[in-house]
Every structure is written in structure tokens, then in C-alpha cells.
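Please consult the sequence and the coordinates alongside the text.

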Amino acid sequence: YIEAINALEVGNYAMMLGAGRARKEDNIDLAVGLYMKKKIGDEVDNDSVIGIIHSNFVLNDEKFNDFRKLFKISKNKVEKLPLIIDIVR
């Protein structure tokens, strides 16, 4: 089960691919991005696709492993988070 996803590191990973910028002068590659196919509480196995990486350069095994590290996996069932937590009025 997906127990946690490190949102800050997801953003940093996307920025490293070119989807964002660290400095104002950096370019943004509009063809780059991440699609997270699994969410917290989803069941996964060794064959599960947890996300799709759109990149304009070939990623080596280290970069794929960096992506996998964004997800914390648990053998125990994890409660899914509600889609809407509260309404601000």
C-alpha cells in the first residue's frame, strides 16, 4: 500500500526534469511533467505502475530510483485520505 508521498520532493524532482525552475532565469520545459497513478491508500505490487515521467532526456536507473523513493510503501493496509478535508467559508 502507498503509505506516504513526499510532495516537496515530488516538486523538486519535477523541477530537476525541467518542469519548474529554481531561479527566475531558468527555463521551464512545458513538455515535462509527472503523472502520479497511485495515491495514498492504493494497493501496489511489484508490477504496479506508480507514476509516469514525461522527460525530454533519457533517465538512468538512478533517476528512476529517485522517483521510486518519493513513495513510502507499507505491507499493512493504509486508510485512504478524504478527497475534501474541509470547506473554508
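Arg23 is exposed, with 52% of relative accessible area; in this report exposed means over 50%, buried under 20%, and partly exposed in between, with a 1.4 Å probe and protein chains only. The side chain of Arg23 forms a salt bridge with that of Asp26, at 3.0 Å from N to O. A salt bridge is defined here as a side-chain nitrogen of Lys or Arg within 4 Å of a carboxyl oxygen of Asp or Glu. The model is a predicted one, in which local features require pLDDT of at least 70 and side-chain atom pairs count only at pLDDT 80 or more, while totals for chains, interfaces and linings use all residues. Residues are numbered from 1 along each chain as its sequence is written, and side-chain values use heavy atoms, with hydrogens and water left out.

**Charged pairs**

Side chains of opposite charge can pair when their charged atoms come close. The search of the whole structure returns four salt bridges. Three of them are listed below.

| Pair | N to O distance |
|---|---|
| Lys72 and Glu3 | 3.5 Å |
| Arg23 and Asp26 | 3.0 Å |
| Asp42 and Lys80 | 2.9 Å |

The pair of Asp42 and Lys80 is a salt bridge of 2.9 Å. Asp42 is located in the loop between strand 2 (33–36) and strand 3 (51–54), and Lys80 in the segment after strand 4, so this pair ties together parts 38 residues apart in sequence. Asp42 is buried, at a relative accessible area of 15%, whereas Lys80 is exposed at 52%. Through salt bridges that share partners, Arg23, Glu25 and Asp26 are joined into one network.

Lys72 and Glu3 also meet in a salt bridge, at 3.5 Å. Lys72 belongs to strand 4 (residues 71–73) and Glu3 to strand 1 (residues 2–5), so the pair ties together parts that are 69 residues apart in sequence. Both partners count as partly exposed, Lys72 at 48% relative accessibility and Glu3 at 32%.

**Chain organisation**

The protein chain has two helices and four strands, and from the N terminus on its elements run β-α-β-β-α-β. These elements are DSSP runs numbered from the N terminus, with helices (H or I) of at least four residues and strands (E) of at least two. The C-alpha atoms fill a box of roughly 45 × 40 × 15 Å along the principal axes. Of the 89 residues, 25% are buried. Among contacts (heavy atoms within 4.5 Å) with a separation of 6 or more, 60% involve residues 24 or more positions apart.

**Core and its surroundings**

A nonpolar core is a set of buried Ala, Val, Leu, Ile, Met, Phe, Trp, Tyr and Cys residues joined through side-chain atoms within 4.5 Å. The largest such core has eleven residues: Ile2, Val10, Tyr13, Leu17, Val32, Val44, Ile50, Leu59, Phe67, Leu70 and Phe71. Helix 1 (residues 7–17) gives the most to this core, namely three residues.

When residues up to four places away in sequence are not counted, the contacts of Ile2 include Asp42, Val44, Ile50, Phe71, Lys72 and Ile73. Ile73 lies in strand 4 and is partly exposed, with a relative accessible area of 47%. The C-alpha atoms of Ile73 and Tyr1 are separated by 5.6 Å, although the two are 72 residues apart along the chain.

Phe57 lies in the loop between strand 3 and helix 2 and counts as partly exposed at 40% relative accessibility. Phe57 touches Met16 and Leu17, again not counting residues up to four places away in sequence. From Phe57 to Val32 the C-alpha distance is 9.7 Å, for a sequence separation of 25 residues.

**Largest pocket**

A pocket is an open set of points on a 1 Å grid over the protein atoms alone, where a 1.4 Å probe fits and protein lies on both sides within 12 Å along at least five of seven lines; lining residues have an atom within 4 Å of a point. The largest pocket has a volume of about 340 Å³, the volume being the space filled by probe spheres set on points joined across faces, edges and corners. Its lining comprises 14 residues, of which Ser48, Val49, Ile50, Gly51 and Arg68 lie nearest the centre. Strand 3, helix 2 (61–68) and strand 4 are the elements that give two or more residues to this lining, and the largest share, three residues, comes from helix 2.
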